[in-house]
Amino acid sequence: MRDVAIVGIGCTKFGEMWDKSFRDLFIEAGLMALEDAGMSGADVEALYGGNMSSGVFIEQEHVGALIADYSGLISNSVPSTRVEAACASGGLALRSGIIAVASEYHDIVISAGIEKMTDVGPEKAMDALAAASDREWEAALGATFPGLYAMMARAHMDEFGTTREQLAQVAVKNHYHGSMNPKAQFRNTITIDAVISSPLVADPLRLFDCSPITDGAAAVILVPAERAREFTDTPIYVKAAAQASDTISLHDRRSLTSIDATRIAADRAFKTARLQRSNIDVAEVHDCFTIAEIMAIEDLAFFEKGRGGPATLAGETAIGGKIPINTSGGLKACGHPVGATGIKQAVEIVEQLRGTAGKRQVEGAEVGLTHNVGGTGGTVVVHILAR
Amino acid sequence: MNVPRFWRRIPNRYNLIGTKCENCNTCYFPPRSVCPPCRRKGVIREYQFEGSGKVITHTTIYSAPEGFSKMTPYVLAIVELDEGPRLTAQIVCDPSEVKIGMRVKSVFRKLGEDGPDGVIYYGTKFIPA
Ligand SMILES: [Zn+2]
């Protein structure tokens, strides 16, 4: 195994992009990443594309070939592989690309993520997302995605005394971070009152506790670490790429207040990277719902179990706090094009480690982490990146 | 969910029939044909659950996809059956009534439908015991 570096990044604007197609989005992100690395498409040896549900959202499968074709990579006949793990599809595409380079199978690889969600109505989108749960034994019985996370929130409030205000503060903080990100879907700031008076979706979760339906794409270029300086003066090195699985259904989990796959993937990642939690300067975590961020910062062991809510309310996870979480605005404010999210998280961490994150820059950030969850925790991918 | 996929599991859905591994005495609902701890050593038989259990956690759904939207708000919970396994199910009660730890028992009810002219799905829900 050899070390791997990220030498190029690209990300489209996130939002309801009615004038942009699936093809437009991945071409834009891919070209941006190639340009950033000073490469041409002819240099690319393989492509991994994270995508959850193009079959439902745009009635198109076989998008690996489609992406290679319309990105102009078909002239090299590059192997192009679609990777799917619900909302963790992007994280898996990144890990697949890293493994391909680390194993010396390929030298120059693009890992991308894309989801075009707004070509269908909200009810159909909601149903497509419900397919990340167990269709037969959760969704078919009336479970919705917000409903499953709401049951985790209820259990967390019951076990640790997590409050409605603490949950709301996750959304308030992420909107504040998103307000400084030109790529974010929502750039408005909100208040705790606005969150707790927004309509109920699945009690205790309200509309402003939920990440939105989003179109977007992101891409990164991976190369062997020893070649990184050929392409950039600021390579970002991959220190760990860890993944763990758990039951697909929430009701079969050991715990309803902790995502075990997060704990295990994080332990594997920190062991590989030979780093401590205290070494992490900035992290992008999977806040599909406000409760998900609170559980994530606890399960990643940035905070003790049950301390995630109070720490959030105390500002410890905001830029300037003990460990800034979701400086991009997270899934909540930057948006959540499901297949693209895991790659966007890496793009944000690379910006932070290069020192090019603008107004949302975490001063002196040297090591960052990404945490991408599929479904309610059936798949988790954790990456550690360093300058 | 499409009709064949639902129909295939009708005995399990209507009557709360799961499976039991006779090698380690673990009961499964939803049914499993592989016992994860025993794998190939497992001996899997059908198992009829009593239908009694308690609420482990719950929510009230206000925003639901097609097929369920006419029934909102409805109470959804994770129920732990007395025989051990946990499952996801609706609780037929007022949202203010449901509590963590509440005892419940199974009932046969309509689950949802595929539009006004579509198939009606039946299955197991729970009521306060
Ligand atoms: Zn067994």
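Helix H7 of chain A covers residues 164-178, which makes 15 residues. At 1.5 Å a residue, H7(A) should span 21 Å. Its end C-alpha atoms lie 22 Å apart, which agrees. Keep in mind that this is a predicted model.

Is H7(A) enclosed or open? Of its 15 residues, 13 are buried, so the rest of the structure largely encloses it.

One neighbour is helix H10 of chain A, residues 290-299, which packs against H7(A). Two packed helices are described by the angle between their axes and the distance between the axes. Here the angle is about 95°, and the axes are 8 Å apart. Angles of 65 to 115 degrees count as roughly perpendicular, and H7(A) and H10(A) are therefore roughly perpendicular to each other. On the H7(A) side, the contact is made by Gln166(A), Leu167(A), Val170(A), Ala171(A), Lys173(A) and Asn174(A). H10(A) contributes Thr290(A), Ile291(A), Glu293(A) and Ile294(A).

Now turn to chain B. Which residues coordinate the zinc ion? They are Cys21(B), Cys24(B), Cys35(B) and Cys38(B), each through its SG atom, at 2.3 Å. The four donor atoms subtend angles of 105 to 115°, so the arrangement is tetrahedral. Along the chain, the donors follow the spacing C-x2-C-x10-C-x2-C.

Take Cys24(B) and Cys38(B), which link distant parts of the chain, 14 residues apart. Cys24(B) sits in the loop between strands E1 (17-21) and E2 (26-28) of chain B. Cys38(B) sits in the loop between E2 and strand E3 (44-48). Cys24(B) is partly exposed, with a relative accessible area of 29%. Cys38(B), at 12%, counts as buried, because the cut-off for buried is under 20%.

Note on methods. Residues numbered from 1 in each chain as written. Chains lettered and ligands numbered in written order. Predicted model: local features only at pLDDT ≥ 70, side-chain atom pairs only at ≥ 80, totals over all residues. Heavy atoms only, no water. Helix = DSSP H or I, 4+ residues; strand = E, 2+ residues; numbered from the N terminus. Expected span 1.5 Å × (residues − 1). Buried < 20%, exposed > 50% of the residue type's maximum accessible area, 1.4 Å probe, protein only. Donors = N, O, S within 2.8 Å, 3.2 Å for Na, K, Ca; no water. Tetrahedral: all angles 85-135°; square planar, octahedral: opposite > 155°, others 65-115°. Axes fitted to C-alpha atoms, helices over the stretch in contact; angles between N-to-C directions. Parallel < 35°, antiparallel > 145°, perpendicular 65-115°, else oblique. Contact = heavy atoms within 4.5 Å.
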